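Hi,

Here is the structure I promised to pass on.

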Amino acid sequence: MQMELHTGIDLAVELLRQPDRAALLGCATAQLEQVFGLSRSWVLELEASGRTLICPALDAELRFECDDFSHPFAHVLREGKALALSSVACARLDHAGLSRLFDASRGADSIWIQPLKAGNNRTLGVLVLCGLDPAWDDIAGQPLYKGLLALIGLQWAAHRDRDDRLWQQRLLSRSLSSLRDTETERQKSDLLARSLVGPSRAMADLRAQVIRAAGTQLSVLVQGETGCGKDLVARGIHDFSERSDGPFIVVNCAAIPDSLLENELFGHTKGAFSGANAAKQGLLAQANGGTLFLDEIGDMPMALQSKLLRVLETRQFRPLGARGEVHSDFRLVAATHQPLPTRIQDGEFRRDLFYRLSQFPVRVTPLRDRTEDLEPLCRHFIQRYREREGRGPLGISSHALEYLKPYAFPGNVRELRNVIEFACVQTPEQEDIQAEDLRLDALASREEAPAGEADSTAVPQPGVPVLSDIDDLRAAAQAFEAAVISARLRQYGGNRAQAAESLGLPKRTLAHKCQKFNVTETG
Ligand SMILES: Nc1ncnc2c1ncn2[C@@H]1O[C@H](COP(=O)(O)OP(=O)(O)OP(=O)(O)O)[C@@H](O)[C@H]1O
């Protein structure tokens, strides 16, 4: 008795020392095998749902459903009483899971199945003892066996409670950090709302997308009509990303002639071609550590699209005339107002490049579909005018706002900005902009007549000399060209595609001329 007590205390101390549930159950089965001369033993653990018994010590995939009475464990759980089974009886049951246990029992001819309970009678699982001709009733009657069983149950429950508490704590801290993330996201979104103005649902979603995209390294494709804010979106993605301290390199693929675009992007070595007197670093290399913004990507020539695709896959490229490749770690944001799927169908844009670019697609809603943004945008542009000019109107009258609402704004926010800035000039200091300051005729004619019919040629154009004054034909022709383009851009609210089409020019040529003559989108 003295000896048994001593052994019992040693065993108990060993059990109490186990750091977690798995170690406890491993130690308990090893003790039972050793103390009672068993060939093998396992603990089947009841899952949290209470529906399934699992045996992680043998095979995590081995499962016994508690409502499946084709195996003896379901009976033992329901009755709450231990059960002995011979190998013959087990074979008769022909249960695959049970056979697995027997196969791993190191030659046992009998098993003892014992429900395991916590102190509060809560069932924790089932103990399976395997032996060769064992006297189960004798073993189960021993105080040492009963004491060990009680201790295993108590300790198991204690570990389980501790695991539950830890899990709850982890859940709580995860919820808190996700709350903090949401709060940070909200703060960033508020900050972004200062430049990407608009209280509409569409704009709030757009800002959330920008913040989310900024947190990744994915290539972003920004799509939307002309003037709706795609540049601002690209800028926001850079500013809110971890690359914000790096360069933000903008390339307008429509404004650079095809023949120069490749050189601009890839750069060249000294002597790469006649006239290359010095090496030139390309924009891809300049974007290293920052963001490369390819605006008007839809206008990129096909041959260059293939090269870009390769660069995006490897971030490696070869400057013109260089022997080796150069690596540049840049994040790509591309934008277009063109429907790329149509360009793909027409064979003008590579499908694989489209997929590569649109890892994170962002679409900007046209202004006409978010009229609730009109007033805040007007106030924003008035404010910016006042800051720039040091004077300006106070605000905009409600009548003027009502007047703007039905207008379709084909040139989107850029067009609204132009309209407001023009009105700012017309409005006396410290007064509100009125409807009649909003270039009403121009608005009305755009609404009523097809855009191409608005008559802007009647207005004398600044910078164009009268015929009798011309003494430099080339300069006069260029001034006339610039005036025509400028008027047409004004007429189409800065929409370069429409202006180019109305003048019978490819958009790229128009963009090139704008650059050459220093004509802005505002006309
Ligand atoms: N939500 C907005 N809040 C404040 N300003 C805006 C907003 N959207 C656009 N703008 C302003 O409108 C003008 C045009 O915007 P932006 O250049 O970003 O348009 P875009 O879609 O890139 O045009 P494009 O297709 O011609 O390249 C800019 O002056 C920009 O600051």
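How many helices and strands are there in the chain? The chain has 21 helices and 17 strands, taken as DSSP runs (H or I of at least four residues for helices, E of at least two for strands) and numbered from the N terminus. Keep in mind that this is a predicted model: local features need pLDDT of at least 70, side-chain atom pairs count only at pLDDT 80 or more, and totals for chains, interfaces and linings use all residues. Residue numbers start from 1 along each chain as its sequence is written.

Some overall figures. Of the 523 residues in the chain, 35% count as buried. Buried here is 20 or more other C-beta atoms within 10 Å of the residue's own, exposed is 12 or fewer, and partly exposed is in between, with C-beta atoms placed from the backbone. Among contacts with a separation of 6 or more, 68% are between residues 24 or more positions apart; a contact is two such C-beta atoms within 7 Å.

Now the ligand. The shell around the ligand has 19 residues, with V197, G229, K230, D231 and V413 the closest (a residue is near if its C-beta atom, placed from the backbone, lies within 6 Å). Helices α9 (230-239), α15 (374-389) and α17 (412-426) are the elements that give two or more residues to it. By class, the shell has seven nonpolar, seven polar and five charged residues; Ala, Val, Leu, Ile, Met, Phe, Trp, Tyr, Cys and Pro count as nonpolar, Asp, Glu, Lys and Arg as charged, and the others, Gly among them, as polar. And where does the ligand lie? It lies between domain 2 (201-272 + 279-365) and domain 3 (368-448), because both give residues to the shell. The domain bounds come from an automatic or database assignment.

Next, a sheet to look at. Five strands make an open, parallel sheet in the order β8-β11-β14-β7-β15, where pairing takes at least two DSSP bridges between two strands. At the edges are β8 (248-252) and β15 (360-363), each pairing on one side only. Neighbouring strands are turned by 15° against each other on average, direction ignored; the axes are lines fitted to C-alpha atoms, and angles run from 0 to 180 degrees between N-to-C directions.

Going through the sheet from β8:

- β8 and β11 (291-295) pair over five bridges, with F248 opposite T291 and V250 partnered by F293.
- β11 and β14 (331-336) pair over four bridges, and T291 stands opposite R331.
- β7 (220-223) pairs with β14 over four bridges, and with β15 over four bridges as well. L221 has A334 opposite in β14 and P361 as its bridge partner in β15.

In a regular strand the side chains alternate between the two faces of the sheet. In β11, T291, F293 and D295 are on one side and L292 and L294 on the other, all buried. In β7, V220 and V222 point one way and L221 and Q223 the other, and these are all buried too.

Most residues other than glycine have a negative phi. D94 has a positive phi of about 50° and sits in the loop between α4 (87-93) and α5 (96-103). R106 has a positive phi near 55°, in the loop between α5 and β5 (110-117). Are these two buried or exposed? D94 is exposed, with 9 other C-beta atoms within 10 Å, and R106 is exposed, with 12.

Cheers
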